[in-house]
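Take a first look at the fold below.

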Amino acid sequence: MKQKKNLFLVIMLLTIAAVLAACNSNDGKEAEAPADTSGGSDVTETSGPAEETAGDWKPTKPIEFIAPSGAGGGWDTTARASSKVLEEEKIVEQRFAVVNKPGGGGAIGWAYIDGKNTDDHLLFATSPPIMFVPLNNQSDLGHQDFTPIAALTADYGAFLVKADSPFDTMNDLVEAMKADPTSVSVVGSSSPGSMDHMQFVKSVHAAGVDAKSVKYVSSQDGAGMTMLLGGQVDVFSTDVGEAVEQYRAGNVKVLAITAEERMEGDVVSEFPTLIEQGIDDSFVVWRGIMGPKNMSKEATAFYENAFKEMSETEAWKTELERYGWAPNWMGSEEFSTFLDEQYEAIKSLMEEMGLR
């Protein structure tokens, strides 16, 4: 019995010595976290793509996600669809609070974001108006005043009329406008000189209509479809995604879309292009995500990778099909270069049409 007790004491002493040696070897260093072997997909528990480049940074509170427009438009649907997938797929553990800040064709929302220009918990949805609006001197803020994070989708303009409209094709509309450009009223959700306005006047200008005489009505509260269906205007200049539901219900006709060729997919494949109707024009409505100007590099990397991971999920592909969007991924650096190039192209176009 005594021998057993002595053997036990020796084992205990050896164990204590081994522990002390291990502790001394790590003196002055942070202990490494044990490897995660759970196999889970939640990036808050594993080292997923959203954390690899961002290092240790991750959101510590809900992310405010601004849609600089009313509910129902392209910015709003982009913010809500992406936040839904990010949360449901557990790509980011914090929730995304989508907030609508309409007004000024986006300028009200941009001013709000600019006032919080170091906030790493603030994002917003963006698209071509971030160039059109400052080029029209309607805002002092443009794409250079924010941090590009990622481009997500490509959409196209769509020109809608009521189901009982006398116009059956884009050429029918063009002929009426050639005779009298002011005889047709056009509503859009963006401010004059911005996207919904420009995509329409660009198209009819290519068909020979006096673009500067077009009667355009701005409805930035998201009431454009209501105005069309209520007979207050003749045409609604919007995007393909907003056309699908009302077209499926038989409430509208789609005279044309601004894609270079017909889109693939249920419903959208039925929408004719301008080009196939003899009007040599097209226009891409890209959409993406940006943050405040002084967002940290770590936060930018985190969000870029989170949206990249999101864009590869089946859930996101379902959202693309739902809204008639095409995938259009660009990371932060590529997106930044793209924005600079787009700005110069849009500036030249507006000058050519005499709208600047």
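A residue is called buried under 20% relative accessible area, exposed over 50%, and partly exposed in between (1.4 Å probe, protein chains only). Keep that scale at hand. This is a predicted model, where local features need pLDDT of at least 70 and side-chain atom pairs count only at pLDDT 80 or more, while totals for chains, interfaces and linings use all residues. Residues are numbered from 1 along each chain as its sequence is written, and side-chain values use heavy atoms, with hydrogens and water left out.

Start with the whole protein. It has 12 helices and 10 strands. Both are DSSP runs, numbered from the N terminus: helices are H or I with at least four residues, strands are E with at least two. Of the 356 residues, 52% are buried. The protein exposes about 16900 Å², and carbon and sulfur atoms supply 49% of that area. Such areas come from the Shrake-Rupley method with a 1.4 Å probe; for residues, only the protein chains shown count as cover.

Next, ask how the chain meets itself. A contact means heavy atoms within 4.5 Å. Take the contacts between residues at least 6 apart in sequence: 79% of them join residues at least 24 apart.

Now go inside. In soluble globular proteins, nonpolar side chains tend to be buried together. A nonpolar core is a set of buried Ala, Val, Leu, Ile, Met, Phe, Trp, Tyr and Cys residues joined through side-chain atoms within 4.5 Å. The largest one here has 54 residues. Which residues have the most contacts inside it? They are Trp 110, Met 170, Leu 173 and Phe 200. Helix H12 (residues 332-352) gives the most to this core, with 7 residues. Look at Met 170 in detail.

Turn to the charged pairs. A salt bridge is a side-chain nitrogen of Lys or Arg within 4 Å of a carboxyl oxygen of Asp or Glu. By this rule the count comes to 15. One of them joins Arg 262 and Glu 276, at 2.8 Å from N to O. Both residues lie in the loop between strand E8 (252-257) and strand E9 (284-292), so the pair ties together parts that are 14 residues apart in sequence. Arg 262 is partly exposed, at 38% relative accessible area. Glu 276 is partly exposed too, at 43%.

Another salt bridge links Glu 312 to Lys 308, at 3.5 Å from N to O. Lys 308 is partly exposed, at 31%.

End with Glu 319, in helix H11. Glu 319 forms a salt bridge with Arg 322, with the closest N and O atoms 3.5 Å apart. The two are 3 residues apart in helix H11 (residues 314-323), so about one helical turn separates them. Glu 319 is buried, at 5% relative accessibility, whereas Arg 322 is partly exposed, at 49%. Salt bridges that share partners also join Glu 64, Lys 116 and Asp 119 into one network. Not counting residues up to four places away in sequence, Glu 319 touches Ala 81, Lys 84, Val 85 and Trp 325.
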